[in-house]
Amino acid sequence: MSLKENDLIGMFYDAALGKVSWNDVGIGLADILQGTTLNLFVTDPSGHDVDLVAAHHLDMQDLQRYAREFAPHDLWTNAALGGRLFNQGLIGSQIVPDKTLRRSVFYNEFLRDKYDSFRFLGAMQRMEGGGFTVISTHRTSDAPDFDPTSQRTLTRLLPHLGRSMEVRKHTQSPGLSGAFIQTLQKSTQGILFLDARGRILWANIAGARILAEQDGLQQTSQGLIAGTAKETRMLLDLVRSCSSAVASGPASAGGYISIGRSSGRYSYRCLVTPVGHEKGTLFPGDVAALFFVVDPEQPPVIEPDQLRKLFDLTPAEARVAAGLAMGERLPVVARRLGISHDTARTLLARATGKMGSDGQIHLVRTILTSVPGLRGPRR
């Protein structure tokens, strides 16, 4: 992967956590794929509702018109669905012949009018729990078709785009007030909203990170599960007690539970509590229980953006430096960021030079003594 791709991957996760705009991600995707316009959206499991995530050089009214009128007539999406062509970059002319597209209602009544979007490069990804992430970028009819190089670039980006969209799903909630959700997002504890069956309705940033690790707690289509069947039963019993307490009162519902971790690290300390009297005011109606997760081994929290501003690093350099300062070895940082070890070493060397450090140990010491408010692991 190129450094440009690595920077874009970092933007995926930053956008999922609300740190940058998804439209900025759209601009970056259109640029790296050499498309004129770009559209990124999510469908619900039924395929009827479309959540527009990002757009580049596309009018929002046109996107809403697409979702309302033309999504069922999208030949490219329908071809991908029919052929089960998921999780790979697709060139439009390879799945829908140009002649077929030129004769279609989709092209003549929607694509051609304003943008003449004729060339297509895109992909569909299945989401956990149903639905799809759909990305498409386009060129005009007189432009050359997309080539295999752009197709391979998109295919390399898709795993990271898919994971970031899962994080986005857990860190947004249209049923919550802005001020309340901002408060929850700032918590270093994982906070999950669960329905009566233990299914995850929402998670804050820390909770989404814990779920992504799949180390003792995991999201499934059936609901939240723990590392062992016994712990899962105990957890679901606590959730059900919260659900039954909605009518009778929350005083005796919920409780504490320790969740073991397959990695051998210290167990999560968890609290399940009912929503209580706030149900229907602060929380969406399906929420039956709040689930709080504390990680005793939470490392120092170092935001790459802090390092970027303090030491004039690029986003990619800052992510590598932050990972090292939080105790990860360079090969681990490289795997987590989806880059090669050689690329990680190059980024480390650049960061070291900009920070005036003699090496990796000096770089970490400089960060730990320069960034205020760092917290060490709690034992």
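Helices (H or I, at least four residues) and strands (E, at least two) are DSSP runs, numbered from the N terminus. This is a predicted model in which local features need pLDDT of at least 70 and side-chain atom pairs count only at pLDDT 80 or more, while totals for chains, interfaces and linings use all residues. Residues are numbered from 1 along each chain as its sequence is written, and side-chain values use heavy atoms, with hydrogens and water left out.

View A. Of its 379 residues, 48% count as buried (under 20% relative accessible area, 1.4 Å probe, protein chains only).

**View B. The largest nonpolar core has 29 residues.** Such a core is a set of buried Ala, Val, Leu, Ile, Met, Phe, Trp, Tyr and Cys residues joined through side-chain atoms within 4.5 Å. Among the residues that touch the most other members are Phe-12, Trp-22 and Ile-135. Two or more residues come from each of helix 1 (3-16), helix 2 (22-33), strand 1 (37-43), strand 2 (50-56), strand 4 (117-126) and helix 8 (148-170). Another core, of 24 residues, lies apart from this one and includes Leu-307 and Leu-337.

**View C. Helix 4 spans residues 75-82.** Trp-76, Thr-77 and Ala-80 are buried. Seen down the axis, the buried residues of helix 4 fall within an arc of 95°, so they line one face of the helix; the arc is that of the directions from the helix axis to the C-beta atoms.

**View D. The ends of helix 4 involve Asp-74 and Arg-84.** At the start, a side-chain oxygen of Asp-74 reaches to within 3.1 Å of the backbone nitrogen of Trp-76. Just after the helix, Arg-84 takes a positive phi of about 50°.

Methods: Buried < 20%, exposed > 50% of the residue type's maximum accessible area, 1.4 Å probe, protein only. Polar contact = N/O pair within 3.5 Å; in protein donor to acceptor, adjacent residues only side chain to side chain.
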